[in-house]
Amino acid sequence: MSTAKTSEEARWLGMVAATAGVAGAVGVVGAAAGAGFVTLLKRQAAHARDVIGKPLGEEAIDADKVYKKSYGGTPVELLVLGDSIAAGLGAETKGGTLGARLAKGIAKALLRPVRLRTAAVVGAETSMVPAQVESLPKGYRPDVAVVIVGGNDVTHRVPQKDSTRVLGEVIDALRERGAQVVVGTCPDVGAVRPLPQPLRSLGRRIAKQLAEGQRETALARGAHVVSLSEVVGPFFITNPDEMFAIDHFHPSAMGYKRTAKAMLPSVLAALGQVQQVPFGHHLPELPPEATEPPDPDPNTGRVGSS
């Protein structure tokens, strides 16, 4: 989580500016850009910090509960891990968070209740997600775990190889608990309107590179992947007033609704309910004998567990 003196957004913008300076030096705009270009980026970041502020605070709404109990039967266990997007910062009600939207979507598709557990923490980097897994009760076995992380790795200049390595470890740990895993890759930084050019383009490039690394790692570890910049990024670019919360940085309730809807096909595929996924969704790279999802256990009612 960010310090008391600096909001998550301020840290993000400042670090993107610093990273952009390095990127510019190695060829994004050429070494000839010099100190003047770096100074421009820092000024742009400072201006964006002033515009954004921190009206949402740093705590997301606790939305954990069983959704759609009226369907009856054993609840599907849904776990959500990662950063502020996974936690639902920006939603005004419990039902507006990403986790709640996913839970309701799963329940409607399966006609079963869904128990949501959110371990995501606002401000988390990928290196902090293993602690989220470790915080879970020892006997807890989620049917499906959704992981969204990466934005803060960009802001804090975490090397991509370190981020992807830890993501792989997280996926392994979740699969050891019997969970099918769905990874939402780093969102499109270029959709954030308070970021002026060229800072916005540089941030987009760094985030895209991380997202590509996340996709490769997750697929190789047997996880399903949703490229958020492809499946939901365009909505944030064309409809920013609806998709972003009042800070113009985090998703609004509508933004979370759209994101959950976009991710649902892969979540259902991970649960063994659909065999094909649309553009921007990627099926895991598994051995042939492991590609068919298991049937629900008639005794426990669990689905999608390994």
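Which side chains meet in a salt bridge at 2.3 Å, N to O? E77 and R115 do.

## Basis

This is a predicted model: local features need pLDDT of at least 70, side-chain atom pairs count only at pLDDT 80 or more, and totals for chains, interfaces and linings use all residues. Residues are numbered from 1 along each chain as its sequence is written, and side-chain values use heavy atoms, with hydrogens and water left out.

## Salt bridges

Side chains of opposite charge can pair when their charged atoms come close. A salt bridge here is a side-chain nitrogen of Lys or Arg within 4 Å of a carboxyl oxygen of Asp or Glu. The search of the whole structure finds four. Among them are the pairs E77 with R115, D162 with K161, and D172 with R221.

## E77 and R115

This pair links distant parts of the chain, 38 residues apart. E77 sits in strand β2 (residues 76-82) and R115 in strand β3 (residues 114-118). Strands (E, at least two residues) and helices (H or I, at least four) are DSSP runs, numbered from the N terminus.

E77 is buried, at 14% relative accessible area. R115 is partly exposed, at 33%. Buried means under 20% relative accessible area, exposed over 50%, and partly exposed in between (1.4 Å probe, protein chains only).

## D172 and R221

D172 and R221 meet at 2.2 Å, N to O. D172 lies in helix α7 (residues 160-176), and R221 in the loop between α8 (199-220) and β6 (224-226), so the pair ties together parts 49 residues apart in sequence. D172 is partly exposed at 29%. R221 is partly exposed at 32%.

## D162 and K161

D162 and K161 meet at 3.3 Å, N to O. D162 is partly exposed, at 26% relative accessibility. K161 is exposed, at 62%.
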